[in-house]
Amino acid sequence: MSIMSDDWNTNIINEFRANEGRVGGPFEGAPMILVHHRGRKSGKEGVTPLMYQADEQDPSLMYIFASAAGAPNNPAWYYNLIDAGKTTVEVGTETFPVTITEVTGPDRDRIYDTQATRYPGFAGYAEKTAGIRTIPVLALRRA
(Lines give C-alpha, C1' and ligand atoms only; values in the text may rest on other atoms or scores of the structure.)
Protein backbone atom coordinates (compact mmCIF):
# COMPACT_ATOMS: atom_id res chain seq x y z
CA MET A 1 0.00 0.00 0.00
CA SER A 2 1.23 3.46 -0.88
CA ILE A 3 1.90 6.02 1.83
CA MET A 4 0.57 8.68 -0.52
CA SER A 5 -3.00 8.42 -1.76
CA ASP A 6 -3.80 7.76 -5.38
CA ASP A 7 -5.41 11.23 -5.57
CA TRP A 8 -2.22 12.83 -4.23
CA ASN A 9 -0.10 11.05 -6.84
CA THR A 10 -2.62 11.76 -9.63
CA ASN A 11 -2.53 15.48 -8.82
CA ILE A 12 1.30 15.51 -8.89
CA ILE A 13 1.36 13.53 -12.16
CA ASN A 14 -1.12 15.93 -13.77
CA GLU A 15 0.84 18.98 -12.57
CA PHE A 16 4.12 17.43 -13.80
CA ARG A 17 2.70 16.80 -17.28
CA ALA A 18 1.05 20.23 -17.49
CA ASN A 19 4.25 22.07 -16.47
CA GLU A 20 7.04 20.33 -18.42
CA GLY A 21 8.10 18.23 -15.45
CA ARG A 22 7.87 20.88 -12.76
CA VAL A 23 5.63 20.71 -9.71
CA GLY A 24 5.03 23.02 -6.78
CA GLY A 25 4.13 22.54 -3.15
CA PRO A 26 6.54 20.38 -1.17
CA PHE A 27 8.38 19.48 -4.40
CA GLU A 28 8.94 23.04 -5.63
CA GLY A 29 12.28 23.19 -7.45
CA ALA A 30 13.09 19.50 -6.86
CA PRO A 31 14.06 17.25 -9.76
CA MET A 32 11.02 15.07 -10.40
CA ILE A 33 10.54 11.88 -12.41
CA LEU A 34 7.48 9.81 -13.26
CA VAL A 35 8.33 6.12 -13.05
CA HIS A 36 6.09 3.67 -14.88
CA HIS A 37 5.76 0.15 -13.48
CA ARG A 38 3.57 -2.94 -13.76
CA GLY A 39 2.40 -4.81 -10.68
CA ARG A 40 4.22 -8.12 -10.59
CA LYS A 41 1.18 -9.80 -8.98
CA SER A 42 -1.72 -7.68 -10.27
CA GLY A 43 -0.36 -6.86 -13.72
CA LYS A 44 -1.82 -3.38 -13.17
CA GLU A 45 0.02 -0.45 -14.78
CA GLY A 46 1.12 2.29 -12.41
CA VAL A 47 2.95 5.60 -12.47
CA THR A 48 4.72 6.92 -9.39
CA PRO A 49 6.04 10.49 -9.07
CA LEU A 50 9.39 10.62 -7.28
CA MET A 51 12.28 12.94 -6.63
CA TYR A 52 15.46 11.82 -8.35
CA GLN A 53 19.16 12.61 -8.29
CA ALA A 54 21.06 13.02 -11.55
CA ASP A 55 24.51 11.42 -11.66
CA GLU A 56 27.10 14.19 -11.71
CA GLN A 57 29.38 12.50 -14.26
CA ASP A 58 27.00 10.46 -16.44
CA PRO A 59 23.99 12.27 -17.98
CA SER A 60 22.35 8.93 -18.88
CA LEU A 61 22.20 7.87 -15.21
CA MET A 62 19.88 8.92 -12.40
CA TYR A 63 18.94 7.58 -8.99
CA ILE A 64 15.62 7.09 -7.22
CA PHE A 65 14.98 6.25 -3.57
CA ALA A 66 12.48 3.72 -2.21
CA SER A 67 11.94 5.79 0.91
CA ALA A 68 8.15 5.39 1.23
CA ALA A 69 8.39 8.52 3.40
CA GLY A 70 10.15 6.48 6.10
CA ALA A 71 7.60 3.64 6.28
CA PRO A 72 8.81 0.33 7.73
CA ASN A 73 8.39 -1.51 4.40
CA ASN A 74 9.69 -0.89 0.91
CA PRO A 75 7.06 0.50 -1.48
CA ALA A 76 5.43 -1.99 -3.87
CA TRP A 77 6.85 -0.15 -6.90
CA TYR A 78 10.36 -1.02 -5.71
CA TYR A 79 9.65 -4.75 -6.04
CA ASN A 80 7.90 -4.23 -9.37
CA LEU A 81 10.95 -2.41 -10.77
CA ILE A 82 13.50 -4.90 -9.39
CA ASP A 83 11.48 -7.75 -10.88
CA ALA A 84 11.16 -6.05 -14.29
CA GLY A 85 14.75 -4.79 -14.60
CA LYS A 86 13.59 -2.09 -17.01
CA THR A 87 10.83 0.46 -17.37
CA THR A 88 9.84 3.78 -18.89
CA VAL A 89 10.25 7.14 -17.18
CA GLU A 90 9.18 10.72 -17.82
CA VAL A 91 11.65 13.53 -17.09
CA GLY A 92 10.69 17.05 -18.13
CA THR A 93 8.94 16.66 -21.49
CA GLU A 94 10.80 13.46 -22.42
CA THR A 95 9.64 9.86 -22.06
CA PHE A 96 12.29 7.17 -22.47
CA PRO A 97 13.19 3.59 -21.49
CA VAL A 98 15.64 2.83 -18.68
CA THR A 99 17.32 -0.22 -17.19
CA ILE A 100 17.18 -0.65 -13.43
CA THR A 101 19.85 -1.85 -11.02
CA GLU A 102 20.02 -1.60 -7.26
CA VAL A 103 22.95 0.33 -5.83
CA THR A 104 24.45 -1.20 -2.68
CA GLY A 105 27.30 -0.73 -0.22
CA PRO A 106 29.43 2.43 -0.12
CA ASP A 107 28.04 3.70 -3.46
CA ARG A 108 24.49 3.45 -2.12
CA ASP A 109 25.48 5.25 1.08
CA ARG A 110 27.27 8.06 -0.81
CA ILE A 111 24.33 8.63 -3.17
CA TYR A 112 21.76 8.52 -0.36
CA ASP A 113 23.81 10.85 1.83
CA THR A 114 24.02 13.37 -1.03
CA GLN A 115 20.22 13.25 -1.40
CA ALA A 116 19.73 13.65 2.37
CA THR A 117 22.06 16.67 2.37
CA ARG A 118 20.21 18.33 -0.51
CA TYR A 119 16.73 17.41 0.76
CA PRO A 120 16.65 16.98 4.56
CA GLY A 121 13.38 15.02 4.40
CA PHE A 122 15.45 12.08 3.19
CA ALA A 123 17.57 12.26 6.35
CA GLY A 124 14.33 12.05 8.33
CA TYR A 125 13.21 9.00 6.33
CA ALA A 126 16.52 7.28 7.12
CA GLU A 127 16.05 8.06 10.83
CA LYS A 128 12.55 6.54 10.77
CA THR A 129 13.80 3.34 9.11
CA ALA A 130 17.02 2.95 11.18
CA GLY A 131 17.26 -0.61 12.47
CA ILE A 132 14.22 -1.63 10.37
CA ARG A 133 15.39 -1.41 6.77
CA THR A 134 17.96 0.34 4.62
CA ILE A 135 16.21 2.55 2.08
CA PRO A 136 17.02 1.14 -1.37
CA VAL A 137 18.64 3.27 -4.06
CA LEU A 138 17.93 2.31 -7.66
CA ALA A 139 20.04 3.40 -10.62
CA LEU A 140 18.07 4.17 -13.77
CA ARG A 141 20.17 4.18 -16.94
CA ARG A 142 18.78 5.48 -20.21
CA ALA A 143 18.47 2.43 -22.46
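**Notebook: an aromatic cluster and a barrel**

I began with the aromatic side chains and found that ring pairs link F65, Y112, F122 and Y125 into a cluster. I noted at once that this is a predicted model, in which local features need pLDDT of at least 70 and side-chain atom pairs count only at pLDDT 80 or more, while totals for chains, interfaces and linings use all residues. Residues are numbered from 1 along each chain as its sequence is written, and side-chain values use heavy atoms, with hydrogens and water left out.

**Entry: the ring pairs**

I searched the whole structure and noted 6 aromatic pairs, where rings of Phe, Tyr and Trp (its six-membered ring) pair if their centres lie within 6.5 Å, and planes under 30 degrees apart count as stacked, over 60 as edge-to-face and the rest as tilted. The ring centres of F65 and Y112 lie 5.7 Å apart with the planes at 80°, so I wrote this pair down as edge-to-face. The pair links distant parts of the chain, since F65 belongs to strand 3 (residues 61–65) and Y112 to helix 3, 47 residues apart. For these names I used DSSP runs numbered from the N terminus, with helices being H or I of at least four residues and strands being E of at least two.

Are F65 and Y112 buried or exposed? I found F65 buried at a relative accessible area of 3%, and Y112 buried at 2%; buried means under 20% relative accessible area, exposed over 50%, and partly exposed in between (1.4 Å probe, protein chains only).

I then looked up F122 and Y125, whose ring centres are 5.3 Å apart and whose planes stand at 70°, so this pair is edge-to-face. Being 3 residues apart in helix 4, F122 and Y125 are separated by about one helical turn. F122 counts as buried at 6% relative accessibility, whereas Y125, at 24%, counts as partly exposed.

**Entry: helix 3 and helix 4**

I next checked how the axes of helix 3 (residues 105–118) and helix 4 (residues 121–129) are arranged, and they come within 6 Å and cross at roughly 125°. That makes helix 3 oblique to helix 4, because angles under 35 degrees count as roughly parallel, over 145 as roughly antiparallel, 65 to 115 as roughly perpendicular and the rest as oblique. The axes are lines fitted to C-alpha atoms, for helices over the stretch in contact, with angles running from 0 to 180 degrees between N-to-C directions.

Which residues meet here? I listed Y112, Q115 and A116 in helix 3 against F122, A123, Y125 and A126 in helix 4, taking contact to mean heavy atoms within 4.5 Å.

**Entry: the barrel**

Turning to the strands, I saw that 6 of them close into a barrel in the order 1-2-3-6-5-4, with antiparallel pairing, and that the twist averages 45° from one strand to the next. Two strands pair if DSSP finds at least two bridges between them.

I followed strand 1 (residues 32–38), where 5 of the 7 residues are buried. Strand 1 runs antiparallel to strand 2 (residues 45–54), joined by 7 bridges, and I33 has L50 as its bridge partner in strand 2. In the hairpin of these two strands, with 6 residues between them, G43 takes a positive phi near 75°. Strand 1 also pairs with strand 4 (residues 86–91) in the antiparallel sense over 2 bridges, and V35 stands opposite V89 in strand 4.

Last, I noted that strand 2 and strand 3 pair in the antiparallel sense over 3 bridges, and that Y52 has I64 in strand 3 as its bridge partner.
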